[in-house]
Amino acid sequence: MLHDAVLLIGFGGPNSAEEILPFLTNVLRGRPVSPGRIEEVAGHYELMGGRSPYNELTVRQAEGLKRILKREGPDLPVYVGMKNWHPLFGEVLEQMARDGVKCALGIILAPHQGEASWGRYQVAMKEVQADFAFRMGETAAEIKYCEPWFDHPLFVEAAADKLRCKMDKVRFARKDRIKFFFTAHSV
């Protein structure tokens with residue numbers, strides 16, 4: 001089946017200070033996490049202005065991809081679905097059904113492939129698709145996932161370029177001895 005849409009798949013994040021605790025409750029459901037740790041993570045979001053920039057950045061990526069697809073083809077609609085915050089997978093699947101989408105190319109926005117990212121996203125999407133079918137009495141759009149892209153030469157080049165641009169702002173005793181640079185994401 002040919003793709004008739006693109007679905008950008010991400011983690012999600014709170015858009016305001018009022019959304020921080022409901023968001024964290026959703027992310028942590030079923031996991032034993034101490035209230036102190038939840039408060040600590042909520043404080044990290046508060047230090048960033050009470051919100052995550054993730055959703056806004058993802059929507060901007062979707063808009064940019066729509067423009068490119070319109071200009072270069074194929075002219076497909078681009079949707080955003082988040083595992084942990086709005087627009088949630090179920091919300092976007094309902095919108096896609098209203099729009100007549102049958103098969104979407106799913107692009108998981110985490111470049112690293114692993115159980116905590118790709119595995120959980122795909123399992124969560126299958127669960128939401130099954131729930132959709134049960135509630136709506138129809139099959140949700142099929143999602144065909146693109147291949148992992150963590151080692152795509154253009155991604156590696158973009159990440160290396162971003163690092164080169166920031167190296168002058170990082171304090172090192174001796175920059176000439178740096179062979180590896182590690183990063184991690186978290187709030």
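Helices (H or I, at least four residues) and strands (E, at least two) are DSSP runs, numbered from the N terminus. The model is predicted: local features need pLDDT of at least 70, side-chain atom pairs count only at pLDDT 80 or more, and totals for chains, interfaces and linings use all residues. Residues are numbered from 1 along each chain as its sequence is written, and side-chain values use heavy atoms, with hydrogens and water left out.

**Overall dimensions and surface**

- The C-alpha trace of the protein spans about 60 × 45 × 25 Å along its principal axes.
- Of the 187 residues, 31% count as buried; buried means under 20% relative accessible area, exposed over 50%, and partly exposed in between (1.4 Å probe, protein chains only).
- The accessible surface comes to about 12,400 Å², and carbon and sulfur atoms make up 58% of that surface. Accessible areas come from the Shrake-Rupley method with a 1.4 Å probe; for residues, only the protein chains shown count as cover.
- Among contacts with a separation of 6 or more, 71% join residues 24 or more positions apart. Contact means heavy atoms within 4.5 Å.
- There are 25 positive and 24 negative side chains, and the centres of the two sets lie 7 Å apart. Lys and Arg count as positive and Asp and Glu as negative, while His and the chain ends are not counted. The place of a charge is taken as NZ of Lys, CZ of Arg, CG of Asp or CD of Glu.

**The sheet**

- An open sheet is formed by four strands in the order β2-β1-β3-β4, with parallel pairing. Two strands pair if DSSP finds at least two bridges between them.
- β2 (78-82) and β4 (142-145) are at the edges with a single partner strand each, so one side of each has no neighbour in the sheet.
- From one strand to the next, the twist averages 35°.
- β1 and β2 pair in the parallel sense over five bridges; the bridge partner of Leu-7 in β2 is Tyr-79.
- Strand β3 (residues 103-108) pairs with β4 in the parallel sense over four bridges, and Cys-103 has Glu-142 as its bridge partner in β4.

**Strand β2**

- Five of the five residues of β2 are buried, so the strand is largely enclosed by the rest of the structure.
- Val-78, Val-80 and Met-82 point one way from β2, Tyr-79 and Gly-81 point the other way, and all are buried.
- In a regular strand the side chains alternate between the two faces of the sheet.

**Helices across the sheet**

- Helix α3 (residues 54-72) lies across β1 (5-10) and β2, and runs at about 160° to β2. Axes are lines fitted to C-alpha atoms, for helices over the stretch in contact, and angles run from 0 to 180 degrees between N-to-C directions.
- Helix α4 (residues 89-98) lies across β1, β2, β3 and β4, at about 155° to β2.

- Asn-55 is in helix α3 and is buried, with a relative accessible area of 6%.
- Not counting residues up to four places away in sequence, Asn-55 touches Gly-12, Gly-13, Asn-15, Met-82, Trp-85 and His-86.
- Gln-61 also has its place in helix α3 and is partly exposed, with a relative accessible area of 45%.
- Leaving aside neighbours within four places in sequence, Gln-61 is in contact with Leu-8 and Leu-109.
- Gln-61 and Asp-151 are 90 residues apart in sequence and 20 Å apart in space, C-alpha to C-alpha.
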